[in-house]
Amino acid sequence: MERRASSMKQRIGSIGRKSLKGFFRRNLFVLFTVAAVALGVMMGFALRPYNMSLREIKHFSFPGELLMRMLKMLVLPLIVSSLVTGISSLDSKASGKMGVRAVVYYMVTTLIAVFIGIVIVMIIRPGKGTRDSPVVKDENIEPIQATDAFLDLIRNMFPPNLVEACFSQHKTVYKKIVRTRNVTVSMNLTDSLNLTDSDLSENLTRVLHTIQETVEEIVPVTVSSAGVNALGLVVFSMCFGLVIGNMKEQGQALKQFFDCLNEAIMRLVAIIIWYSPVGIMFLIAGKIVEMKNLAEVGGQLGMYTISVIVGLLIHGLFVLPLLYFLVTKRNPYSFIGGLLQALITALGTSSSSATLPITFRCLEENNHVDKRVTRFILPVGATINMDGTALYEAVAAIFIAQVNDMDLNFGQILTISITATAASIGAAGIPQAGLVTMVIVLTSVGLPTEDITLIIAVDWFLDRLRTTTNVLGDSLGAGIVEYLSREELQNQDADLRNSVIEENEKPYQLICQDNDTLNHLNNETIM
């Protein structure tokens with residue numbers, strides 16, 4: 001009995017050690033990244049009393065800047081290769097259905113996010129009370145009309161030059177044009193001057209009739225601005241992938257090229273991921289050191305920050321998981337557990353595009369989502385699905401209205417919700433892009449755009465939280481779309497297996513036929 005008990009203890013101990021080792025091996029990156037975030041926060045607050053200069057902060061944050069550059073370097077080839085391979089590996093019917101499901105999911109979740117934001121800001125009312133002094137304007141905020149912003153969105157979907165789309169995108173700016181025009185004024189001076197000569201009076205009237213007037217006119221002009229035109233590249237890659245898929249055998253060489261490119265990029269990601277904890281630690285520490293006086297985040301701004309955080313938590317931890325559970329009947333939190341690495345990277349980099357390589361890895365390796373789905377859904381989601389940004393913009397617009405003692409009617413709130421949804425689609429997946437699209441939302445209901453400076457002090461922090469929500473929404477969307485598309489994917493796998501069997505049988509039969517004809521000819525020659 002004692003021997004059995006001791007052997008059982010040894011077994012349990014060995015199982016415990018093995019499972020512990022297995023857990024550490026599986027979650028090594030996550031543990032390193034969590035430790036990096038904690039160390040970054042501690043390091044940042046420890047260095048704040050030293051009052052480092054901007055140059056010293058820049059040098060200190062250099063390892064974090066390197067991580068951002070590495071990830072952004074991979075984004076462009078990853079978006080193009082993953083979309084082309086993802087769509088070309090699906091037939092047009094399956095990709096069409098998957099696309100419709102993805103767009104419906106994006107629209108539903110974004111509208112829910114905007115609704116949550118509006119409800120939260122109406123309940124908490126962070127903008128009521130005495131107005132806080134505005135923060136010093138950090139950047140020049142250019143006003144833009146909603147119509148021009150919408151047209152810019154469509155323009156960027158169809159870039160005239162694909163090479164140019166890799167580093168610039170089109171945007172509308174307003175230019176003042178001063179021009180002169182001739183204005184005819186009816187003035188009769190012949191009577192007042194008492195002129196009797198008819199010829200002289202006629203000439204004088206003719207001179208005074210035409211005068212020149214200077215007119216100032218504001219004209220929208222399309223210019224190029226720095227930044228990857230992700231939307232244009234996504235549209236092109238989707239169309240290109242669809243064409244390659246329909247080319248069947250002819251497009252096989254191109255499909256294999258993009259497949260190899262995608263695999264090579266993912267292997268590069270596997271190398272860079274080892275450096276990510278170091279980069280994240282310095283990014284967070286640098287931001288905390290750079291942060292202005294914490295006393296500024298009191299009063300109305302503090303309540304505004306709480307409103308956004310509460311809204312993002314409700315959307316990210318309750319609404320999105322509930323939606324995933326209702327559709328798939330699976331545990332959403334175990335799915336989210338596999339995404340921790342991507343979510344922490346999003347928190348550190350505050351860019352959904354830069355997090356894209358890590359998101360691919362987490363979904364495919366940890367959550368075993370079909371590669372055909374991730375390659376299609378994730379690049380599109382990182383470009384147009386911005387739940388966190390839409391929620392933040394709705395909260396910010398109503399907060400600014402409350403600060404200015406403006407009571408918004410139902411029509412204006414509806415306008416904010418529609419504009420925030422549309423503007424979030426156009427928000428590039430880059431840090432603080434929400435501030436740019438914020439101008440569109442404020443202009444749509446006639447709110448002062450200069451009041452954006454009120455929220456700049458906390459935007460760097462809220463930007464990280466809303467990016468994390470965006471990445472979570474994209475990833476859960478990929479899981480939902482995969483579940484809904486399982487029949488199409490299984491049918492395609494079955495068709496592929498059948499075609500492989502047919503291909504394998506074909507050469508064998510041909511070789512046999514060739515051998516039979518050769519033997520027949522040999523027999524004839526012998527005779």
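A helix, as I use the word here, is a DSSP run of H or I at least four residues long, with numbering that starts from the N terminus. I begin there because glutamate 365 and arginine 361 sit 4 residues apart in helix 16, a separation of about one helical turn. Please keep in mind throughout that what we have is a predicted model.

The mean pLDDT of the protein is 78, and 77% of the residues reach 70 or more. Among the elements, the lowest mean pLDDT, 51, belongs to helix 9, residues 198–209, whereas the highest, 93, belongs to helix 14, residues 332–337. Two stretches ask for caution: over residues 133–141 the pLDDT is below 50, although this stretch has 14 contacts in the model beyond near neighbours in sequence, and over residues 508–527 the pLDDT is also below 50, with 0 contacts of that kind.

Now to the salt bridges, of which the structure holds 10. Which side chain does arginine 101 meet in a salt bridge? The partner is glutamate 488, at 3.3 Å from N to O. Arginine 101 lies in helix 5 and glutamate 488 in helix 22, residues 486–526, so this pair ties together parts that are 387 residues apart in sequence. Arginine 101 is partly exposed, at a relative accessible area of 23%, while glutamate 488, at 16%, is buried.

A second pair joins arginine 375 to aspartate 259, with the closest N and O atoms 3.2 Å apart. Here helix 17, residues 371–384, contributes the arginine and helix 11, residues 252–272, the aspartate, so that parts 116 residues apart in sequence are tied together. Arginine 375 counts as buried at 9% relative accessibility, and aspartate 259, at 29%, counts as partly exposed.

That brings me back to the pair I opened with, glutamate 365 and arginine 361, whose closest N and O atoms are 3.7 Å apart in their salt bridge. Within helix 16 the two are about one helical turn from each other. Glutamate 365 is partly exposed, with a relative accessible area of 47%, whereas arginine 361 counts as buried at 16%. Salt bridges with shared partners also join Lys97, Arg101 and Glu488 into one network.

Another serine, serine 168, lies in strand 1, residues 168–184. Serine 168 is buried as well, at 10%, and, leaving aside residues up to four places away in sequence, it touches Ser224, Ser225, Gly227 and Asn229.

Technical notes:
Residues numbered from 1 in each chain as written. Predicted model: local features only at pLDDT ≥ 70, side-chain atom pairs only at ≥ 80, totals over all residues. Heavy atoms only, no water. Buried < 20%, exposed > 50% of the residue type's maximum accessible area, 1.4 Å probe, protein only. Contact = heavy atoms within 4.5 Å. pLDDT = per-residue confidence, 0-100. Salt bridge = Lys/Arg side-chain N within 4 Å of Asp/Glu carboxyl O.
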